[in-house]
Amino acid sequence: MDDLGMRIASGQLPPGSILTLAGLEEQYGVSRTVIREAVRVLEAMGMLLSRRRVGVTVRPTSEWSALDGRLIGWQLRGPGRDRQLVVANELRAAVEPIAARLSAERARPDERERIVRLADRLEQLGAEGRGDSDDYLTADIAFHDLVLDSSGNPMLAAVKPAVAAVITGRSRAGLTPGVPDAEALHNHVQTAAAIARGDAEAAEHHTRRYVEAVLGEVQSRD
């Protein structure tokens, strides 16, 4: 599934391409059951369509589940990576500042404490020059997941897999420096502090500062 999804997401198998279960079975050397399961998952993501006497057709990109974390991961491993980073970070710029504002208004006390601890962890790892480490990646994803969750809005929380995929893809592509940008890290810490004290305006402001900084960085690469 991963290989086939990657081939579709990268454009190697463009929309309109027709595949057969027998052909895929032979190509991958696995059972028909395994092929059917892989195709079923990709159908659920809107990437494939199975029809009797036609085969399996690659669907137009407009039909794909754009927020699916697996799809974003595949796109960030393909030749259109830089453009996908822009698109995904435009989403973050639209969503995360509002989530931080709502988190400052609605987060539970334990959530506020955890957000502060995660921001402190990011600051510590950054000071150690470990911004490109798995530990930093784990803490970064946990920080953003918790801000989205503590917004109290399930529709905002639903973009967590997309945000995690973007952060992971950026890191895996070697675009996350060992020593994080000082201003971006400062704004993470200030966002956490604002949420902890219930300052909605400051939480939105500092979140907007760091997501727009990342967006500007990836736009310059596009």
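**Burial, packing and overall architecture of the predicted model**

Ala157 is buried, with a relative accessible area of 15%; here buried denotes under 20% relative accessible area, exposed over 50%, and partly exposed the range in between, with a 1.4 Å probe and protein chains only. The structure is a predicted model, in which local features need pLDDT of at least 70 and side-chain atom pairs count only at pLDDT 80 or more, whereas totals for chains, interfaces and linings use all residues. Residues are numbered from 1 along each chain as its sequence is written, and side-chain values use heavy atoms, with hydrogens and water left out.

Ala157 belongs to helix α8 (residues 154–157). Helices (H or I, at least four residues) and strands (E, at least two) are DSSP runs, numbered from the N terminus. When neighbours within four places in sequence are set aside, Ala157 is in contact (heavy atoms within 4.5 Å) with Leu148 and Asp149. Thr20 lies 137 residues from Ala157 along the chain, and the C-alpha atoms of these two residues are separated by 37 Å.

The protein contains eleven helices and three strands. Their order from the N terminus is α-β-α-α-β-β-α-α-α-α-α-α-α-α. Along the principal axes, the C-alpha atoms occupy a box of roughly 60 × 35 × 30 Å. Of the 222 residues in the protein, 48% are buried. Among contacts with a separation of 6 or more, 68% involve residues 24 or more positions apart.

Helix α10 (residues 182–197) comprises 16 residues. The distance from its first C-alpha to its last is 23 Å, close to the 22 Å expected at 1.5 Å a residue; the expected span is 1.5 Å times one less than the number of residues. Just after α10, Gly198 adopts a positive phi of about 80°.

Which residues of α10 are buried? They are Ala184, Leu185, Asn187, His188, Val189, Thr191, Ala192, Ala194 and Ile195. These buried residues pack against four helices, namely α5 (81–106), α6 (109–127), α7 (134–149) and α11 (200–221).
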